[in-house]
Amino acid sequence: MDYLHHPFQGKRHTVFAKKGMVATSQPLAAQAGLDILKKGGNAIDAAIATAAALTVVEPTSNGIGGDAFALVWIKDKLYGLNASGPAPQSISPEAIREKGYDEMPVHGVIPVTVPGVPAAWAALSERFGKLSLQAVLEPAIQYAEEGYPLTPILGKYWKFAYDKYKTTFTSEEFNAWFETFAPNGRAPEIGEMWSSPNHARSLRAIGETNARDFYEGETADKIDTFMKKHGGYLSKEDLSKYKVEWVEPISVNYKGYDVWEIPPNGQGMVALMALNIYKHLGEPRWQSKETLHHQIEAMKLAFTDGLAFITESAEMPISVEQLLSEEYANKRSNVINEEAGNPEIYDIPKGGTVYLATADEEGNMVSYIQSNYMGFGSGIVIPNTGIALQNRGHDFSLDVAHPNILKPGKRTLHTIIPGFLSKNGKAVGTFGVMGGYMQPQGHFQVVTNTVDYMLNPQATLDMPRWQWIKGKVIHVEPEFPSDLVQSLIGRGHQVQIASDGGTFGRGQIIWRNAETGVLQGGTESRTDGSIAAW
């Protein structure tokens with residue numbers, strides 16, 4: 001049977017429920033979160049359970065050795081969690097250049113930064129959870145020990161990674177990746193069972209020690225030993241010093257709705273900047289050629305500036321407040337005309353993965369995202385742990401003039417971003433679109449589809465997407481309306497129609513009716529998306 005291609009058009013409907021809902025990219029992970037809700041946990045417990053399960057049932061996109069961010073709505077207040085990790089203390093641009101690199105490598109031990117995922121789970125559990133971390137991780141442990149069958153999109157990307165890695169991961173440091181993820185000398189197939197007892201043991205140690213084993217205990221020792229053996233920079237000292245950061249979320253108001261993101265070092269503010277610019281360009285019209293052109297041009301300008309300026313907040317050459325100001329939005333909107341532009345960086349005034357959403361009957365909601373970056377991450381798996389480490393350090397610049405220059409103890413510009421929507425001080429709900437630099441573009445399209453066109457959450461996610469790549473280059477999905485494609489070409493855009501929707505992000509949405517408490521969810525048709533609810 002061919003599980004990846006369908007001769008008939010499918011259609012999903014919005015899911016409604018009252019007591020609780022979990023939306024994510026894997027059915028088993030969504031069910032893990034729902035099980036925790038039914039055992040008396042809240043939305044925060046469900047988010048942790050789902051996130052932990054995703055490290056097992058979707059290792060192609062995330063893992064214990066990655067980073068995480070969360071927006072938590074509880075008792076009518078929004079909290080932000082930044083659990084991205086810094087560069088090791090022993091690393092430097094000079095050290096990387098001495099090893100023969102002109103830019104940060106993609107794979108291997110060099111781009112590995114301090115993982116924040118275990119600390120994120122512990123921090124969320126300690127501050128807002130109702131159940132113990134140990135209890136909340138149990139569904140993930142069970143999947144890792146007993147195994148599970150691969151879903152279609154998971155199997156597709158697992159095979160893609162294996163086929164690539166078998167010719168590029170030829171040195172000893174990558175052996176544990178193949179032992180863990182290709183135990184039979186190949187990638188597991190769609191529908192085939194896969195398990196990882198080592199992963200289960202690592203999860204159990206995290207639960208029993210409230211994540212301290214990962215940062216100070218036996219697991220930290222194993223990471224330290226491996227890195228020293230293979231010339232890496234991450235050390236047990238780096239791990240033991242790590243702390244998550246609770247942050248104040250940032251927002252812009254878009255037509256009466258407050259759109260919330262995590263502040264830098266995340267790229268979420270790119271979506272906010274684009275919305276701010278776009279709202280100055282006239283009233284949107286459904287399937288309008290001019291409206292689509294304005295959306296793309298606003299995103300191009302916001303992204304160009306975001307990539308130029310965003311890093312750790314303290315090291316940005318322009319402030320967050322300036323980039324989210326009406327003055328900035330007005331100046332950038334005035335640059336846009338009726339032809340496709342080549343975006344240039346804003347002239348600074350003299351004087352700047354996996355996603356899940358959960359909700360419970362009490363009104364608590366969590367927008368959560370975690371990632372190893374670029375699929376399996378660095379390709380480094382710590383032997384006998386099942387832990388794949390991220391390659392987030394790849395995004396650092398080695399250019400001393402760039403704000404995102406590599407420095408010891410510094411966090412890089414981060415691609416993964418959770419989103420949240422509120423109105424008049426009440427929660428509307430959680431949303432996110434995973435997928436590298438598609439993420440703020442996906443956030444922008446979710447908000448405009450919802451606010452401007454009143455699309456239901458499933459339709460909002462199903463709507464064909466566009467993606468700015470660089471300069472005048474735009475990618476669109478195969479189902480994108482041909483008349484709109486032709487209109488973009490006529491305005492000077494260099495449009496490429498993608499062969500499938502795999503690079504256009506994978507989103508989840510849960511909205512909540514403020515009057516009735518009824519939840520409505522949409523999940524991603526571009527992946528093995530699922531909603532578990534009761």
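Predicted model: local features only at pLDDT ≥ 70, side-chain atom pairs only at ≥ 80, totals over all residues.
View 1. Residues are numbered from 1 along each chain as its sequence is written, and side-chain values use heavy atoms, with hydrogens and water left out.

**View 2. Trp 158 and Trp 194 belong to the 26 aromatic pairs of the structure.** Rings of Phe, Tyr and Trp (its six-membered ring) pair if their centres lie within 6.5 Å, and planes under 30 degrees apart count as stacked, over 60 as edge-to-face and the rest as tilted. The ring centres of Trp 158 and Trp 194 are 5.1 Å apart with the planes at 70°, so this pair is edge-to-face. Both Trp 158 and Trp 194 are buried. The rings of Trp 177 and Phe 376, with centres 5.1 Å apart and planes at 85°, are likewise edge-to-face. One aromatic cluster includes Trp 158, Trp 177, Trp 194 and Phe 376, and among its other members are Tyr 148 and Phe 181.

**View 3. Two charged side chains sit over tyrosine rings, with NZ of Lys or CZ of Arg within 6 Å of the ring centre and within 35 degrees of the ring normal.** The charged end of Arg 392 is 3.8 Å from the centre of the Tyr 373 ring, and Lys 77 lies over the face of Tyr 79, at 5.3 Å from the ring centre.

Key. Buried < 20%, exposed > 50% of the residue type's maximum accessible area, 1.4 Å probe, protein only.
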